[in-house]
Amino acid sequence: AAGVCDPCMLVIGSNLSRICYFQRQTNRRPRIGSKHFLRHKMRVVQVPVLTDNYSYLLIDESSSEAAAVDPQEPEKVIAAAAKEGVKITKVLTTHHHWDHSGGNPKLIELLAGSPIEVFGGDDRIPQMTNKIGQGDKIKLGQSTWIDVFFTPCHTTGHVLYFCKDETGSSDPALFSGDTLFVAGCGRFFEGTAAQMYHALIEVISALPGNTRVFCGHEYTVKNLQFAETIEPASEAVKSKLKWAEQRRQSGLSTVPSTIAEELTYNPFMRVRHEAVKSSIGLAEADPISVMQRVRDLKDKF
């Protein structure tokens, strides 16, 4: 079943006398002023698909429009949209691999009669109507803006979608596909360590720390088990691993994380740290060499 991954607010009564907050998968409370309250204009619904993939609905509350992110099982994504009472008007595809883009044709077929824009950065993406690249911007509905970052490495046409609402009432969201996972990153199938360094360190690390990271797979436990071999004394790794194991044992998602959190336990985002460099025997090496070594170790883990 789809799960709402952003706080939402319900106002009861015409006098606004009671405000009830329904919060799932977060402890952050909405900000309330003495005279006005902020309603969250942008939210994300997670849709588990296949064995360990995640599709998402990015919802602009002001217009009840939604973008489907990597809708591999379109029937599930469309059902989630119906449950939320929103209309899918866009598809955001992170990369061409079948488990991310393969549902595009069926989704377009099922929504025949409704104009759907399909965005992506690779000509191998089926049904793509809008090819995008670094610096492009997409507007969803009335108040949601999406910035595109071109991050080739996992594939040559991989893009990230950084989403924010213009009211500032919701924390930003990053749809990272197979570039960044919770505590991990994607394999360098069509790229280099230098490209992944650019994506993780120079692009993603520079985004606001409260940005929620919505990745393409549920790989968290294994990623953290590997991270523990790199930084065995890290309390951040140990704590997150314990939490993730408990979540998975209960059948719950470990996504999203935040960028601030990733910087404390993700070895691929910590390649400049002495603890990581020393652990793998590259204390004097440049961070790109460290990135490659950590990837090699993870590939064999």
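Biologist: What should I know about the model before we start?
Modeller: It is predicted, so local features need pLDDT of at least 70 and side-chain atom pairs count only at pLDDT 80 or more, while totals for chains, interfaces and linings use all residues. Residues are numbered from 1 along each chain as its sequence is written, and side-chain values use heavy atoms, with hydrogens and water left out.

Biologist: OK, which residues of helix H1 are buried?
Modeller: In H1, residues 74-84, they are Pro 74, Val 77, Ala 80, Ala 81 and Glu 84. Buried means under 20% relative accessible area, exposed over 50%, with a 1.4 Å probe and protein chains only; helices are DSSP runs of H or I, at least four residues, and strands are runs of E, at least two, numbered from the N terminus.

Biologist: Why do they end up on the same side of H1?
Modeller: They cover an arc of only 125° around the axis, which puts them on the same side; the arc is taken from the directions from the helix axis to the C-beta atoms.

Biologist: And what is exposed on the other side?
Modeller: Ala 82 and Lys 83. Just after H1, Gly 85 takes a positive phi of about 70°.

Biologist: Switching topic: which element gives the largest share of the lining of the second largest pocket?
Modeller: H9, with three residues.
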